[in-house]
Amino acid sequence: NTLSQYESTNNEGVYSFQGSATCIDNASSYVVAIVGGRSQDFPGYTLNLAYQSHRQPGSSIKPLLVYTPAFETGKYDPDSIVEDKKIKGGPNQSSNSFAGKVSMKYAVAHSLNSVAWQLYDEITPEKGLSYIQNMNFSKIVEADKVLATSLGGFTNGVSPLEMASAYATIENDGLYREPTCIKKIVDSSQNTVYVSEQVENVVYTETASRIMTAAMEGVMQQGTGAKYKL
């Protein structure tokens, strides 16, 4: 409904301004709903943007390759004090101001760019990116091994499906299961020819995952997501 006011189309006649979504059952990692783009009467083939298209994730990437890896080091917890400050060559805040010394939980809740940048520099982009590569993010390239990816600035980007499965991994105590819509396949005689097996691979530690989940609650309680009252 929000996008309905945008009616411009590309050369193929598809709406230029798009949106997509993936919803995963965290308990099973099955994809329970997927929206590939805006509804449109269109005679040809269009991409399913939820898994065939990659875009910049922005700050939503921070828990995946900055904060949870930082908690894994054992050096930080939600009450650890970090400093939101101007860094030469580093990022600004959207507010053009810096918060100074704050807790990690506050930095997560308010999506402080400078803090994420500093932690990522400490962890190293190579280490941070290795976590999402272990969750089958398919478009990561060598050029992404820079500090800008801490804020979601990638060469090719990520898909909503990849992001949803990564967040499901944090909820699943750090165990990654490849997302799928298929539970089983039967033939014309109702013989089962394929059954999906959700193999779990350890990406994050249970401790770091639970710390991250608790820290992210602050986003909805008093941080950048509080106004949505979800």
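Modeller: One term to begin with: a residue is buried under 20% relative accessible area, exposed over 50%, and partly exposed in between. Glutamate 206 has a relative accessible area of 44%, so that residue is partly exposed. Keep in mind that this is a predicted model.

Biologist: Got it. What does glutamate 206 meet in a salt bridge?

Modeller: The partner is arginine 210, with 3.7 Å from N to O. Both sit in helix H7, and because they are four residues apart, about one helical turn separates them.

Biologist: Why would four places matter in a helix?

Modeller: An α-helix has 3.6 residues a turn, so residues three or four places apart point the same way.

Biologist: And arginine 210, which other salt bridge does that one form?

Modeller: Arginine 210 also pairs with aspartate 173, where the closest N and O atoms are 2.9 Å apart. This pair links distant parts of the chain: arginine 210 is in helix H7, while aspartate 173 is in the loop between H6 and strand S5 (175–176), 37 residues apart. Put together, Asp173, Glu206 and Arg210 make a network of salt bridges.

Biologist: Are arginine 210 and aspartate 173 buried or partly exposed?

Modeller: Arginine 210 is partly exposed at 49% relative accessible area. Aspartate 173 is partly exposed too, with 23% relative accessibility.

Biologist: How many salt bridges does the count come to?

Modeller: Five. Another one of them joins the side chains of glutamate 200 and arginine 177, at 3.3 Å from N to O. That pair also links distant parts of the chain, 23 residues apart: glutamate 200 lies in the loop between strand S7 (192–195) and strand S8 (201–202), and arginine 177 in the loop between S5 and strand S6 (184–186).

Biologist: Glutamate 200 and arginine 177, buried or partly exposed?

Modeller: One of each. Glutamate 200 is partly exposed, at 38% relative accessibility, whereas arginine 177 is buried, with a relative accessible area of 8%.

Biologist: OK, switching to helices. How many residues of H2 are buried?

Modeller: 10 of its 11 residues are, so H2 is largely enclosed by the rest of the structure. The buried ones include Lys62, Leu64, Tyr67 and Phe71. What they pack against is H3, H4, H5, H6 and H7.

Biologist: What follows H2?

Modeller: Glycine 74, which has a positive phi, near 80°.

Biologist: You listed H6 among the neighbours. At roughly what angle do H2 and H6 cross?

Modeller: The axes of H2 (residues 62–72) and H6 (residues 160–171) cross at roughly 30° and come within 10 Å. Angles under 35 degrees count as roughly parallel, and therefore H2 and H6 are roughly parallel to each other.

Biologist: Which residues meet there?

Modeller: From H2 you get Pro63, Leu64 and Thr68, and from H6 Met163, Ala166, Tyr167 and Ile170. Sorted by type, the residues of this contact are six nonpolar, one polar and no charged.

Biologist: Which residues touch the most other members in the largest nonpolar core?

Modeller: Leu64, Tyr67, Ile132 and Phe137, out of 39 residues in that core. At least two core residues come from each of H2, helix H3 (104–109), helix H4 (113–123), helix H5 (125–133), H6 and helix H7 (206–221). Apart from that core lies another, of five residues, among them Ile24, Leu161, Ala164 and Ala168.

Biologist: Last one: where does glutamine 52 lie?

Modeller: In helix H1 (residues 49–52). Glutamine 52 is partly exposed, at 31% relative accessibility. Its contacts, not counting residues up to four places away in sequence, are Tyr45 and Leu47.

Note on methods
Residues numbered from 1 in each chain as written. Predicted model: local features only at pLDDT ≥ 70, side-chain atom pairs only at ≥ 80, totals over all residues. Heavy atoms only, no water. Axes fitted to C-alpha atoms, helices over the stretch in contact; angles between N-to-C directions. Parallel < 35°, antiparallel > 145°, perpendicular 65-115°, else oblique. Contact = heavy atoms within 4.5 Å. Nonpolar A, V, L, I, M, F, W, Y, C, P; charged D, E, K, R; others polar. Core = buried A, V, L, I, M, F, W, Y, C linked by side-chain atoms within 4.5 Å. Buried < 20%, exposed > 50% of the residue type's maximum accessible area, 1.4 Å probe, protein only. Salt bridge = Lys/Arg side-chain N within 4 Å of Asp/Glu carboxyl O.
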